[in-house]
Amino acid sequence: MTALNRVPSLMARAGTASALTIAAVGGSIVAPGFTSEAQAASPATKALQVAASKKGSPYKWGATGPHRFDCSGLTLYSFKKAGKKLPRTAAQQYNKTRHISSTNRKAGDLVFFHSGRNVYHVGIYAGKGRIWHAPKSGDVVRLQKIWTKSVWYGRVK
């Protein structure tokens, strides 16, 4: 390899070293499209993380945490910790969200289970067809595959 062929790699290394030097002495590097971790975590992402952190917490009808939950109590608690306010029941929560199609769903969206027009259960979409939810009496908060096509999706505003 000739010296001329090494110039691009030497310049790349010099550029990296310069950036590291700036960072080491307390400077900041601004690059388009990059945000800090704190800025990148949306309320939906935070709510999803809170729900996941409650794995194994027992179901209790009417409970809103922090140690026991019913389905809408878990979503209420999770979004409250993420800085968003939701009403108490699954049906009320459905009415307060921006309704979205299944093709536009994202992790952190709410998944509403319905029979006809009646919403009877809610969980937080975790991706790959799964939700975090508090299923029923005798069960615990857990990650589970969505078991029916009778669901609607809502995004917390």
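Which residues does Leu110 touch, not counting residues up to four places away in sequence? Contact here means heavy atoms within 4.5 Å. Leu110 touches Thr75, Phe79, Leu86, Gln93, Thr97, Val122, Gly123, Ile124, Trp152, Tyr153, Gly154 and Val156.

A word on provenance. This is a predicted model, in which local features need pLDDT of at least 70 and side-chain atom pairs count only at pLDDT 80 or more, while totals for chains, interfaces and linings use all residues. Residues are numbered from 1 along each chain as its sequence is written, and side-chain values use heavy atoms, with hydrogens and water left out.

Now the core. A nonpolar core is a set of buried Ala, Val, Leu, Ile, Met, Phe, Trp, Tyr and Cys residues joined through side-chain atoms within 4.5 Å; buried means under 20% relative accessible area, with a 1.4 Å probe and protein chains only. Of the 24 residues in the largest such core, Phe79 and Leu110 touch the most other members. Helix 3, helix 4, helix 5 (90–96), strand 2 and strand 3 each give two or more residues to this core. Helices (H or I, at least four residues) and strands (E, at least two) are DSSP runs, numbered from the N terminus. Helix 4 supplies the largest share, 5 residues. A second, separate core of 8 residues includes Ile100, Phe113, Ile131 and Tyr153.

Six strands form an open sheet in the order 1-6-2-3-4-5, with antiparallel pairing; two strands pair if DSSP finds at least two bridges between them. At the edges are strand 1 (98–100) and strand 5 (142–145), each pairing on one side only. From one strand to the next the twist averages 45°. Axes are lines fitted to C-alpha atoms, for helices over the stretch in contact, and angles run from 0 to 180 degrees between N-to-C directions. Helix 3 (residues 43–53) packs on the sheet, touching strand 3 and strand 4, and its direction makes about 100° with that of strand 3. Helix 4 (residues 71–81) also packs there, touching strand 2, strand 3 and strand 4, at about 45° to the direction of strand 3.

Finally, strand 3 (residues 118–127) is largely enclosed by the rest of the structure, because 7 of its 10 residues are buried. Strand 2 (residues 110–115) runs antiparallel to strand 3 and is joined to it by 6 bridges. Leu110 has Ile124 as its bridge partner in strand 3, and Ile124 stands opposite Trp132 in strand 4.

Technical notes:
Buried < 20%, exposed > 50% of the residue type's maximum accessible area, 1.4 Å probe, protein only.
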